[in-house]
Amino acid sequence: MTLYRLLTDEPLSAPALIAALDGWVDAGGVATTAASFVAEGGSVVAAFDADALLDYRARRPTLELSEGVMTDMTWPELTVTRVEADGRDLLVLTGPEPDYRWVEFRAALVELSLRLGVVQSVCMGAVPATVPHTRPTPVLVTGHDRRPLDSDPPLPASFMRVPASAVNLVEMSLADTGIPSAGFWAQIPHYVAGTYHAGVLALVERVAAHLDVHLPVDALVEQAKDERIRLDAIVAQRPEARAYLDQLEAAGPAPSVPQGEDIAAEIERFLRESTGESRNPFDGPAGDE
């Protein structure tokens, strides 16, 4: 039994697969927000079997009620959406990271990509990091087809071992078939709650440059500007936040990438702060609303 349904047989022009999955390595929903931005206005060309891949207790459907009457239920979906940019097709894979059957998902994705004639792939993710919001979002690049820009912070030359995600599986699997594949991983200030729009903008711009297509980003630019104003206002009002930001800025414009153990420790600290178990200097005094 196949894990996907192909909904169209229309010919595609030099299709590139862009993948971002909700879950691990999607801090603040930055990568999936970037994917949804690219896919906006497109049409779904393939859908994966959510019943076979997802745990609905962890990713529950959304129930709608109207005056006490249950009217609708929206199910989580893992889909591929087609959009056109500069005469070529972009195929955006987004949705929840599969909970089950990763090996079968990998095989199905490779099969689907070959059927669609994918010639290039880009994966996106976001990780919490000790970086300030006052500087451009650092973007790490993985894969043999990286073509990094000068501003990319380098990955350490030494061996690393970190927890894997399904989007890593996408990059590796397509690369193994001979499809040029790269990954872009935005480093997000760990103290920012919610979606970090500057990170979304950084990912969309990197993907567009890598695929040599134009993607209109004016709306993202405005969101990032508004976000910067809000964060700067918080810093101006809270001396402890200013002091913490000064420490981050003192690290330099392109912080070195920590080793695997340091990454794990930083993620644990990020989770503690996100759940309120320790205090974020950007949250203000305890009890503040």
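This briefing walks through the fold, the cores, the aromatic pairs and the confidence of one protein model. The model is predicted, so local features need pLDDT of at least 70, side-chain atom pairs count only at pLDDT 80 or more, and totals for chains, interfaces and linings use all residues. Residues are numbered from 1 along each chain as its sequence is written, and side-chain values use heavy atoms, with hydrogens and water left out.

**Overall fold**
- The protein has 8 helices and 10 strands; these are DSSP runs numbered from the N terminus, with helices being H or I of at least four residues and strands being E of at least two.
- Of the 289 residues, 47% are buried, where buried means under 20% relative accessible area, exposed means over 50%, and partly exposed lies in between (1.4 Å probe, protein chains only).
- Taking contacts (heavy atoms within 4.5 Å) between residues at least 6 apart in sequence, 81% join residues at least 24 apart.

**Nonpolar cores**
- A nonpolar core here is a set of buried Ala, Val, Leu, Ile, Met, Phe, Trp, Tyr and Cys residues joined through side-chain atoms within 4.5 Å.
- The largest core holds 45 residues, and those touching the most other members are Val38, Leu90, Met124, Leu203, Val204, Leu211 and Leu215.
- Helix 5 (residues 197-211) is the top contributor to this core, giving 8 residues.
- Beyond its neighbours within four places in sequence, Leu203 has contacts that include Val30, Ala34, Met124, Val139, Phe184 and Trp185.
- A separate core of 34 residues includes Leu93, Phe105, Ala108 and Ala166.

**Aromatic pairs**
- The model has 4 aromatic pairs; rings of Phe, Tyr and Trp (its six-membered ring) pair if their centres lie within 6.5 Å, with planes under 30 degrees apart stacked, over 60 edge-to-face and the rest tilted.
- Tyr56 and Trp75 pair edge-to-face, at 5.0 Å centre to centre and 65° between the planes.
- Tyr56 sits in the loop between helix 2 (50-53) and strand 4 (62-66), while Trp75, 19 residues apart from it, sits in the loop between strand 5 (69-74) and strand 6 (79-85).
- Trp75 counts as partly exposed because its relative accessibility is 44%.
- One aromatic cluster is formed by Tyr4, Phe48 and Phe105.

**Confidence**
- Mean pLDDT, the predictor's confidence in each residue from 0 to 100, is 85, and 82% of residues reach 70 or more.
- Residues 254-278 stay under 50, and the model gives them 31 contacts beyond four places in sequence.
- Residues 285-289 are also below 50, with 4 contacts beyond near neighbours in sequence.
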